[in-house]
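The following report describes selected local features of one structure, moving from a side-chain contact to the wider packing. The sequence and the model are shown first.

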Amino acid sequence: MDELQHRLSVIAEPNRFRIVELLRTGPRSVGAIVDALGMAQPHVSRHLKLLAEAGVVEATRQAQQRIYRLCPEPLRDISAWAQSFTVLWTGRLDRLGDFLDDTDPNGERS
């Protein structure tokens, strides 16, 4: 759970969230990320380093460039954690639906 919490806190930072969103469309070089987000290269590199340390992204070398891509496994873990709340909300929404079905337009329970 500590690893999941760490990954969520790393991704939650707005600039890192934007980088993750950008990489969702596919791998990109640091320069392409800089251009797309309009951030300074040192800032992007710092954010990518933190994302890599959290296991959210990984880099490969291609000539003089580093190409970053999302790592699917940590994102699956985050998705599974978020999906675990579906059961909670589904039950609550079902109860609300039942309540509304049993209530007439004047607010009286039938």
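## A helix, a core and a sheet

In this predicted model, a polar atom of the Ser 84 side chain lies 2.5 Å from the backbone oxygen of Trp 81. Ser 84 belongs to helix α5, which spans residues 72-101, and with a relative accessibility of 45% Ser 84 counts as partly exposed.

| Residue | Relative accessibility | Class |
|---|---|---|
| Arg 7 | 11% | buried |
| Ala 63 | 73% | exposed |
| Ser 84 | 45% | partly exposed |

Arg 7, found in helix α1 (residues 2-12), counts as buried because its relative accessibility of 11% falls under the 20% cut-off. Leaving aside residues up to four places away in sequence, Arg 7 touches Ala 54, Gly 55, Val 56, Pro 74, Asp 77 and Ile 78.

One of these contacts of Arg 7, Val 56, is also among the residues with the most contacts inside the largest nonpolar core, together with Ile 33 and Leu 51; this core has 21 residues. Two or more residues of the core come from each of the elements α1, α2, α3, α4 and β3.

Helix α3, residues 30-37, has Val 30, Ile 33, Val 34 and Leu 37 as buried residues. These four residues lie on the same side of α3, because they cover an arc of only 100 degrees around the axis. The cover over the buried residues of α3 includes α2 (14-23), β1 (28-29), α4 (41-53) and β3 (65-70). For Ile 33 in particular, the contacts beyond four places in sequence are with Ile 19, Leu 22, Leu 23, Arg 28, Val 44 and Leu 48. After α3 comes Gly 38, which has a positive phi near 65 degrees.

The strands β1 and β3 run antiparallel and are joined by 2 bridges. The open sheet is formed by 3 strands in the order β1-β3-β2, with antiparallel pairing, and β1 and β2 are its edge strands, each pairing on one side only.

The loop between β2 (57-62) and β3 holds Ala 63, which shows a positive phi of about 60 degrees although it is not a glycine. Most residues other than glycine have a negative phi. Ala 63 counts as exposed because its relative accessibility is 73%.

Note on methods
Residues numbered from 1 in each chain as written. Predicted model: local features only at pLDDT ≥ 70, side-chain atom pairs only at ≥ 80, totals over all residues. Heavy atoms only, no water. Buried < 20%, exposed > 50% of the residue type's maximum accessible area, 1.4 Å probe, protein only. Contact = heavy atoms within 4.5 Å. Arc of directions from axis to C-beta. Core = buried A, V, L, I, M, F, W, Y, C linked by side-chain atoms within 4.5 Å. Polar contact = N/O pair within 3.5 Å; in protein donor to acceptor, adjacent residues only side chain to side chain. Pairing = 2+ DSSP bridges.
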